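Please examine the sequence and the structure before reading on.

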Amino acid sequence: MKSHCRAVIIGGGVVGASVLYHLARIGWTDIVMLEKSELTSGSTWHAAGGMHTFNGEANISRLQKYTIDLYRELEAATGQSCSLHPNGGLMLAANQGELDSLKLICSRARYLGMETEMISLDEACAHNPLIDPKYFIGALWRADGGHCDPSGTTHAYVKAARQLGAEVNRFTRVLELNQRPDHSWDVVTDKGTIHTEHVVNCAGLWAREVGRMVGLDLPVLAMEHHYLLTEDIPELEGLPREIVNTTDYAGEIYMRQERRGALIGTYEPNGVVWAPTRTPDDFSMQLLPDDLERLAPHFEVGFRHFPALGRVGIKKAINGPFTFAPDGNPLVGPVRGLRNYWVACAVMAGFSQGGGIGLMLSRWMAENDPGQDIISMDVARFGGFATPKYTSRKVPENYARRFRLAYPNEELTAARPLRRSPIYDRLKAAGAVMGANFGLEHALWFAPPGVEPRETPTYRRSEAFPHVRAECHRVRTAVGLYETTNYGKYEVTGAGARAFLDRVFACSIPRPGRLALAPMLNPAGRIMGDLSIACLAPDRYLIIGSGFAEEFHMRWFWQQQPPADVFIRSAASTLAGFSIAGPNARALMRRLTRLDLSAEAFRLFDVRETAVGHAPAILSRAGFTGELGFEIWTTPDYFATLHDDILEAGLDLGLGYFGGRALSSLRLEKGYGSFNKDFRPDYTPAETGLDRFIDFAKPDFIGREAALAERASGPKRRFVVLEVAAGDADVVGYESIMQGATAVGYVTSGAYGHCVDKSLACGYVPAALANDGETFTIDIFGTPTQATIRTAPLYDPTGARLRG
């Protein structure tokens, strides 16, 4: 075993093997894998080996496609068979919601270049004659997918990595991880110590334990998972090819052919957590006792939907543990505060995602950039709220829903409410229907008196539609109150704060008393954040951004190595806020503060520290609605009193609450994009339109060279707002934007514009097509719908109301 190397990968499952291979392929050949037992001995060896490209996130679908395509390359390079069965994938719908979901997947697939189509039940039965069509109303088929041999595939990765120079040490247990002052690591094993620059936690079932070695509590939990292998099925005899891998939403069942029988698995409600606090050290190549009595009702659904399965015996029951994160997506990337420590764990779909994760992580480690947006897999999407207790409640919820639809308006209830602002109870009493953002409750919309504060999950317009409409019109005609506590908030102080921010942000840093819109770029010139900076003093700044990205942005600030005279801290729990917007906003605020709030004295993007009602506060002239507006920040101890002061001051001005749904509608009417939905690390300043906020005259800022190059060449695509001739449904996101039979772009977000009475969508199209009046079609749940670019905001195109 080596005593020195560039990187140590801990864990010999399919994910660790992929990371090892991809690092070697990128040129890091001085690397070592450590596996405490035999390769694949945790979860990998007993996996069903399914592979598919289905995912609600476009970039994850791309990574899954890359993974599946990679297997042929590995076989060719190594001679090691992956035992590929590329028989495609079939998804079945039993009700309208499920059918809408399949149609959405089909629309998304066109831009991704994945061969996918809606098919009839007769065609579905031709792909899988075991289906009883009476239980279903539609089906989707995709060419990509099938299944592989878990052991053979893992060994193909390892063999390819060894051919490139990587070292693999089996039966080598990691005992300690100790970081040196230069940020390198001593990896202490039962066979000696390796000094390495980087450590990668790919420990699967033991990811928690390897995290605890460095003081990290990763939000990972293992669940028992069952699948069955049947005896031979007569209906499969004589078929010219294997049946297609099939997912049954309603039955919460997946099934595929296994030799002359079938493999059938379920993600049942009330699943069983395995090893809730610590994974046994000696667990290796083991299965768990089966629990068929508990699972019988769920498998019986499968036997009804696929009757031939119920007519043969069960040859074997498999029950093994698999790890999950609270939302079911992997945990990938660097960890703030632990330089050169990386994670790639909680990868449930290892044979669909493992290759893509290895590719992304190898780029991230070698080039400090994963090469594309993977926020939905980034370990930084969880913060301190993801405690072991939280994880223990969310993981079983996610497990039980793995084959259930996630409707765009649906809110899951486990571990909620968790984080609550001081006015949570007041908002609930006012009819608030709540969502959760980074664990914090926030109002989505408000049910008026006599209306139940609940919403039916759907892909189409829900019963909330008229109430959101009323909230929007209140903001446009009177004044609305929106709680902004769920925004991300950061305080940057110190003598070096201005110089540090000037390097990290691409905009001009504002002078005291002013606020600036502040794009943040990575060295490749892609968008890392769309934030605002308020200068409260030459050495004191308040930065506002997206609440879900709090840990993501804190890690980014930390990675830029602020000097000793710069102090950065999250204000997520120390500042709470309101947005007040509408034509009566100034009249309301004049009752609460002694500042001169005239348009001349308190201009757009001015900011002051002042009293607002009883509360000492930070007051800015800003907002996200396109109306005359103010944002107020104060500490939580004053927040409830400030809320009551605002309500009292607005009694005769038409003041009312509005929630996140109304805000989405209002911002789309103004053509405002939103970070994570519309602006992500896949996009550049000129593509998004954020280049208008860049100070290109600055001599140095992160991403300057790339931004200047794009400025000279022009963007290849542009962010646009489209007016959509929709019926009873608006876009969800990632639908393909078509011209004729060609997918030329895709949707990023959308909503109904209640104050312009038009359905609206945002998205990206080629720059040459980004012209006012250019027409396209968007497939909205199977209906080709005309969409027309509107380059000017549909509401208040001159911005007079915003500046009034």
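## Contacts and overall form

Among contacts in the protein chain between residues at least 6 apart in sequence, 73% join residues at least 24 apart. The model under discussion is a predicted one.

The protein chain contains 20 helices and 38 strands. Its radius of gyration is 27 Å, close to the 28 Å that the globule rule gives for 804 residues, so the chain is as compact as a globular protein of that length. Along the principal axes, the C-alpha trace extends over about 80 × 65 × 50 Å.

## Surface and charge

Of the 804 residues, 62% count as buried. The chain exposes about 29400 Å², and carbon and sulfur atoms supply 50% of that area.

## Nonpolar cores

The largest nonpolar core has 63 residues, of which Ile-31, Tyr-71 and Leu-361 touch the most other members. Helix α1, covering residues 14-26, gives the most to this core, with 8 residues. A second, separate core comprises 53 residues, including Ala-380, Phe-557, Tyr-683 and Tyr-746.

Which residues does Leu-361 contact, leaving aside neighbours within four places in sequence? Leu-361 is in contact with Val-19, Val-200, Val-332, Gly-333, Trp-342, Val-343 and Ala-344.

## A buried asparagine

Asn-169 belongs to strand β8, which covers residues 167-169. Is Asn-169 buried or exposed? The relative accessibility of Asn-169 is 13%, and a residue under 20% is classed as buried, so Asn-169 counts as buried. Not counting residues up to four places away in sequence, Asn-169 touches Met-1, Val-32, Met-33, Leu-34 and Glu-35.

## Backbone features in loops

The peptide bond from Arg-416 to Pro-417 is cis, with omega near -5°. Pro-417 is situated in the loop between α10 (388-400) and α11 (424-429).

Two further residues have a positive phi although neither is a glycine. For Gln-561, phi is near 55°; this residue occupies the loop between α14 (550-559) and β27 (567-570). Because its relative accessibility is 56%, Gln-561 counts as exposed. For Asn-676, phi is about 80°, and the residue is found in the loop between α17 (660-669) and α18 (685-688). With a relative accessible area of 22%, Asn-676 is partly exposed.

Key:
Residues are numbered from 1 along each chain as its sequence is written. This is a predicted model: local features need pLDDT of at least 70, side-chain atom pairs count only at pLDDT 80 or more; totals for chains, interfaces and linings use all residues. Side-chain values use heavy atoms; hydrogens and water are left out. A nonpolar core is a set of buried Ala, Val, Leu, Ile, Met, Phe, Trp, Tyr and Cys residues joined through side-chain atoms within 4.5 Å. Buried means under 20% relative accessible area, exposed over 50%, partly exposed in between (1.4 Å probe, protein chains only). Helices (H or I, at least four residues) and strands (E, at least two) are DSSP runs, numbered from the N terminus. Contact means heavy atoms within 4.5 Å. The radius of gyration is taken over C-alpha atoms; the globule rule is 2.2 Å times the number of residues to the power 0.38. Accessible areas come from the Shrake-Rupley method with a 1.4 Å probe; for residues, only the protein chains shown count as cover.
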